[in-house]
Amino acid sequence: MELFAQQVLNGLVTGSVYSLVALGLTLIYGTMQVPNFAHGQLFMLGAYLAYAVTRAGLHYWIALVVAVVAVAIIGVALERLVFRPLRNAPHLNSMIAALGVMLFLEATAQNIWGEEFRHMDSPYRGVVSVLGLLVTSHRLILIGAAAALMTALLFFLTRTVAGSAIRATAQNPDGALLVGIDTNRMAMMTFAISAALAAFAGVLIAPISLVYPSMGVMITLKGFVIVVLGGMGSVPGALIGGYLLAIAESLGGTYVSATYQDLVAFVLLALIFTFKPTGLFREAV
Amino acid sequence: MTLLETRGLSKSFGGLRAVDGVDFAVTAGSITGIIGPNGAGKTTFFNLISRALPPTSGTIVFDGADVTPLPAHRVARRGMSRTFQATTLFADATAIENVLVGYRQRTRSGLFDAMVRSPRLAREERDADAAAREALATADLAAAADRPAKSLTQEQQKRLAMAVALVSRPKMLLLDEPFAGINANQTRGLMALIESISASGITILLIEHQMQVVMQLCRRIMVLDYGKRIAEGTPEEIRNDPAVLDAYLGGHA
Amino acid sequence: MRRALPSIALGVAALLPLALRNEYYLQILTQAYVLAISACGLNVILGLAGQLSLAHSAFFGIGAYAVALLATKAGVPFWGGLPAGVLLCGAVGFVIGSICLRSRGHYFAIFTLAVGIIIHLVIQKWESLTHGHIGVIGIPGPGPLGPIAFDSSVARSYLALFFLALTVAATARLVRSPVGRTLMAVRESEALAAAVGIDVMAAKRMAFTISAALAGLAGGLFAGFIGFLGPEAANVEMTFNTLLYVMVGGIGSLSGPVAGTFIVYGLSQVLAVLQQFQMVIFGLALVLLILFMPSGLAGAWKAFGRRPVRRSLGGGGGLGEGVVR
C-alpha cells in the first residue's frame, strides 16, 4: 500500500510537470495549427538557464523568474521570426520548421553546456513526512508551485478578456479572427505564455531529474500524447491528462515493467490513434 | 429512368442539421437544378451524394445500387463526377496533367507496370493522352494544355475542372455553382457547354444561384432551405411556388 | 543539357571510387550512397505523396538488424539477409501504414514519430534479441556474386552506387507513370483525388511501403558494409538528418535527395571540425531552408533554368504552393 501511495505521489510530481508542458502545447496548437515539436526544448532551456543563474550564486526563485522571462522572450522571437512567416504556407512547412528549431536549440544547449548531466540544487533539500510517506520538500514545493501557476493561468484564461481571447483562438482560430481578435497579438502572447509554462516546468523538475540536453525530446512527445488524449486546444484536457499519464507511467513502471516505462506514453498514443485516427476529442466529420 | 435517388438523406454537425431528411430523384439524361438561399445545405447535399461526407442517416441509390456506405472514390468510379464550389485543381500540374489524373480511373496499370514499363502502360498512356486532349478540346483549352493550372484564368480553371470531371466519361456530373464569378459572355458559353454535355448523354445536377441560368437550363429544380426540401418541380412550378418565394424573400438572404 | 545531367553524374560517380585512393574518403562515399538511398525513400512518402512520416529511421534500423541478426544468429549470408530485410520492412511498412495513414497531417506526423520511437526503444531494450546497447558485431559483408567479390572498399562502393542508381531509376519510372501522377494528386488535394476515383488510402499506403522498403535496403547495406550495429541506427535523429538531406536537395525532385545527401553529409564529414556544431547548423539550415528556399536546390535550379521544365510531375513542385482555390 505504501508503495502504491509512493507511486501516486511520484505521479503527482511528474504529472505537475507534464500538465504544465501540455498546457503550453495545447494553447499553442490553436495559434500555430501545427504541433510545436520544439516545445520540449523551451522546457530544457528553462532548466539550463535556471541552472546557470544558480551557479552564478543567485537564489532558486530568482533563477526561476529569469529563466521563465528569458524563455518567454525566446518564444516570442520564434513566433515572429519563424512561425508567423509560415502561417499561410502549407502545414508541412511549419512542422519542418519546428523540427529545425528543435534540433537547433538542443544542439546549441549541448554546445554551451556539454552533454553531461548537470546537477542543480534546490533550496528545499529537507525531507518531510506526509501521511506516513517520506517526501523531499522540493517535491512538495513543486506540486504546490505548479498548482498555483495553473490556478493563476486558469483565472487568467477564464476571467480576463485577454485570456478568453487566447482560449478562443486556441479552440477556433478562424472563429476568433472573425470576431475581430487581433491574431498577431494573440500569437505573441500565446507563445510567450506557452514558452513560460514550459520553462517553469523545466526549472521545477531540474533539481530532481537533473539537467541534460535531451531532456526536451521526451517531454515534447509525452506532451503530444497528453494533448491528443485531452484534445488539441482543450485546457482541462491538458491538465487532467498530464496527471493521468504520469500516474499511469508511475504505476506501469512499478507494477508492469521498469524497462519499458517510457513506452507507456507512446504505446498509449499509438493505441489512441489506432482506434481514433483523429484523436480522442476531435469530432469526426 | 431514375439515375440518382436519395431517401431521407440527413447530415448533422453536432447540433446543426445541415441536411434534413431530403428525398430526391434525378432522371437519367436530364439537367436538374438545386437552388436555395445561402446556407441551405446545397453543397453539403452534394458532398453527401458524392460521399465526400458520410451521411448521418438516409440512403443514396445511384445507378441502381446503394452507395450509402461507399467511400468517395468508389462512388466516383461508379460514374459520378463533380466540380467543387471553390475551383479545385492540381495547381502546379499542367492542364493536361490535371485531366490525365481524371482519366486515371479508366486505367488498370499499377506499380509493376510502372517499374517494367509494360506494353499495357504504354498503351494506356497513349489512350490517356488522346482522351485528355479530346477533353481539353471540348472545354476549349487545347492551347493551354501544357500550362500550369494555376496560371490559367479563373474561367479557364472552371472549364479545366469540368474537363477533369468529364474525361472519365461519367454517367452523372455534379456542378457546384459553375456560373459564379463569370461575365455574361462566358455564361452563355458555359450554358452552351453544359447543354452539349447533356446532349452527349451525361446526366447533370447543378447547384446555382443565378436564377435565369437555372430556369433556362434545368428541366426540374429542387429547392432547399435550412437543409429541408421545400419544393421540387419544373421551372414554372418553382417560379410560382409560395414556399420558395417565402424562403428567398421572407427574412433570410 | 538538363537531360544529360543524370548520365554525366553517373559517369563521374563511376570514376570516383577509382580516383579516391584514400580509404577514409572511399568509405564516406559509400556511406553517402547508402544514406542517399534512404533519402530517396523518404522522398517517396514525403515528396511524392506529401506525408511527413517520422518513422523513417525505424525502417532503416529494421533493415539493418534484419541483415545483422539473420547473419549472426541464423547464419544467413548477406545476399539472403538483404532481400529478407527489404521484404520485412515492406511488410511492416504496409501494416504500420494501414494504421497510421488513417490519421491525417499532424496526427500522422506525431503517430509516426511515436511509432519510430517505440521501435527504437524496443530494439534498444529487447536485449535477448538485439543485444541492446551492446549491439551486434561481426556482421559479414556481401559475399561474392559469381566472379565479383565485394571485399574491397572499391567494390563495395560500386555496389552501393549500383543500388542507388537502381533506386533513382525506379523512382524516376514511378514519377513518370500514372501511379506517380496518382501520388502527386493525393499530395496536392485528397478531396479532388477521391472525387476522380483515386483510392487515397491505398495510394498513400503504397508510397509508405515503398519508402519503408527503401529505408530497409539502405539499412541492410549499412549493416553489411560497416560490420557492426547498434540501436542508434534506428534513432529518430537519423530521420531528421534524412529530412534535411531531402529538404536541401529539393522535396519531390528526383535528384534532390541524392544531391542533398552528398552536400550535407559530405560536408559534415569532410569538415570534421564542424562535427561539434553539426546539429546546430543542421537545425538552423532546416529552418532557413523552409523559410527562404522550401523547394531546396532543385527549386533554385529550376528558377535559374531558361526553359520551363516540361511535364514536371512531382518535380519539386515546392512546398509553397497548394491547391488552386
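**Figure 1. Crossing of helices H3 and H10 in chain C of the predicted model.** The axes of helix H3 (residues 56-74) of chain C and helix H10 (residues 200-226) of chain C approach to within 6 Å and cross at roughly 45°. The two helices, H3(C) and H10(C), are therefore oblique to each other. The crossing in which H3(C) passes H10(C) is right-handed. As the structure is a predicted model, these features are those of a prediction.

**Figure 2. Residues at the contact of H3(C) with H10(C)**. On the side of H3(C), the contact is made by His56(C), Phe59(C), Phe60(C), Gly61(C), Ile62(C), Gly63(C), Ala64(C), Ala66(C), Val67(C) and Ala68(C). H10(C) contributes residues including Ser211(C), Ala212(C), Ala215(C), Gly216(C), Leu217(C) and Phe222(C). Sorted by class, the contact of H3(C) with H10(C) comprises 13 nonpolar and 8 polar residues, and no charged residues.

**Figure 3. The contact between chain C and chain A**. Chain C provides 35 residues to this contact, and chain A provides 37 residues. On the side of chain C that touches chain A, the elements giving two or more residues are helix H5 (105-125), helix H11 (236-249) and helix H13 (278-292) of chain C. Of these elements, H5(C) gives the most, with 13 residues. By class, this side of chain C has 26 nonpolar, 7 polar and 2 charged residues.

**Figure 4. The fold of chain B.** Chain B contains 10 helices and 10 strands. Its radius of gyration is 19 Å, close to the 18 Å that the globule rule gives for 253 residues, so chain B is as compact as a globular protein of that length. Taken along the principal axes, the box filled by the C-alpha atoms of chain B is roughly 60 × 40 × 35 Å. Of the 253 residues of chain B, 46% count as buried. Among contacts in chain B between residues at least 6 apart in sequence, 67% join residues at least 24 apart.

**Figure 5. The contact between chain B and chain C**. Here 35 residues of chain B are in contact with 29 residues of chain C. At least two residues of the side of chain B that touches chain C are supplied by each of helix H2 (72-77), helix H3 (95-103), helix H4 (111-116), helix H5 (119-138) and helix H6 (154-166) of chain B. By class, this side of chain B has 16 nonpolar, 11 polar and 8 charged residues.

Note on methods:
Residues numbered from 1 in each chain as written. Chains lettered and ligands numbered in written order. Predicted model: local features only at pLDDT ≥ 70, side-chain atom pairs only at ≥ 80, totals over all residues. Axes fitted to C-alpha atoms, helices over the stretch in contact; angles between N-to-C directions. Helix = DSSP H or I, 4+ residues; strand = E, 2+ residues; numbered from the N terminus. Parallel < 35°, antiparallel > 145°, perpendicular 65-115°, else oblique. Left-handed = near helix turned anticlockwise from the far one by under 90°. Contact = placed C-beta atoms within 7 Å. Nonpolar A, V, L, I, M, F, W, Y, C, P; charged D, E, K, R; others polar. Rg over C-alpha atoms; globule rule 2.2 N^0.38 Å. Buried ≥ 20, exposed ≤ 12 C-beta atoms within 10 Å, placed from the backbone.
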